[in-house]
Amino acid sequence: CQCAVREAGGPMPDCGMPAPPRSPIRVTAISLRRRPDRWRACEDHLRGLLGDGFDMFEGTDAKAAAGDDSTAVDRVAALEAATGCTVYRGWPITEVRDVRRCYTSLSPQLSDAEAWMSYERKVAAEWRSDRSRLYLDFFLRHLTLGDVGAALSHLRVAERGHAEGLSLQVVFEDDVRPSAEALPALLRQGELFRE
């Protein structure tokens with residue numbers, strides 16, 4: 001039956017067949033197992049608001065996956081092997097070695113942190129003040145292992161939802177504490193997307 005309009009859980013308008021049940025909006029919180037304090041605090045907070053109507057999702061711990069190899073290249077390779085992902089390396093300036101390569105006037109005696117800060121100051125001095133900070137924050141900041149782990153965690157949650165046929169899900173990280181008023185309002189707003 002090909003019905004153009006149907007009510008959730010009600011009969012199909014043209015044929016009287018019941019509509020498939022709508023999946024509820026899934027609420028998921030991402031946390032790392034190595035941080036049981038954060039996991040437990042988040043779980044307790046959401047349980048107080050939703051009962052058992054949410055799930056905790058073990059995030060990708062990129063720091064643990066990267067190991068403690070001595071070089072950044074080795075750590076990225078270990079991360080890629082452990083997570084099955086490839087870290088993009090094509091950014092024009094993302095590492096201190098790129099700063100040193102592009103700005104040869106920097107003293108080789110500067111530490112990596114000093115070289116990076118010198119680069120940030122140079123960009124800030126040459127750009128409009130209202131643009132330089134945004135540019136540095138968005139395009140030039142170092143991508144951390146935590147950033148990679150968070151991105152992979154969110155991708156895994158989205159992949160799981162897609163595989164399960166979810167039409168909508170709300171994803172929190174473990175440091176979010178929605179209020180008793182805000183969470184129901186957010187879920188009501190989410191329902192509007194599905195109508």
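Q: Where does Thr28 lie?
A: This is a predicted model, where local features need pLDDT of at least 70, side-chain atom pairs count only at pLDDT 80 or more, and totals for chains, interfaces and linings use all residues. Residues are numbered from 1 along each chain as its sequence is written, and side-chain values use heavy atoms, with hydrogens and water left out. Helices (H or I, at least four residues) and strands (E, at least two) are DSSP runs, numbered from the N terminus. On that basis, Thr28 belongs to strand S1 (residues 26-31).

Q: Is Thr28 buried or exposed?
A: Buried means under 20% relative accessible area, exposed over 50%, and partly exposed in between (1.4 Å probe, protein chains only). Thr28 has 0% relative accessibility, so Thr28 is buried.

Q: Which residues is Thr28 in contact with, leaving aside neighbours within four places in sequence?
A: Contact means heavy atoms within 4.5 Å. With those neighbours left aside, the partners of Thr28 are Asp55, Phe57, Val157, Arg160, Gln169, Val170, Val171 and Phe172.

Q: Which side chain does Asp174 join by a polar contact of 2.6 Å?
A: Asp174 sits in the loop between strand S3 (169-173) and helix H8 (182-194), and is buried at 7% relative accessibility. A polar contact is a pair of N or O atoms within 3.5 Å; within protein, one must be able to donate a hydrogen and the other to accept it, and residues adjacent in sequence count only if both atoms are side-chain atoms. At 2.6 Å, the partner side chain is that of Arg38.

Q: What arc do the buried residues Trp39, Cys42 and Leu46 of H1 cover?
A: An α-helix has 3.6 residues a turn, so residues three or four places apart point the same way. In H1, Trp39, Cys42 and Leu46 are buried. They lie on the same side of H1, because their arc (taken from the directions from the helix axis to the C-beta atoms) is only 75°.

Q: How many aromatic pairs are there?
A: Rings of Phe, Tyr and Trp (its six-membered ring) pair if their centres lie within 6.5 Å; planes under 30 degrees apart count as stacked, over 60 as edge-to-face and the rest as tilted. The count by this rule is two.

Q: What kind of pair do Tyr103 and Tyr119 form?
A: Tyr119 is buried at 5% relative accessible area, and Tyr103 is partly exposed at 22%. Their ring centres are 5.3 Å apart and the planes meet at 50°, so the pair is tilted.
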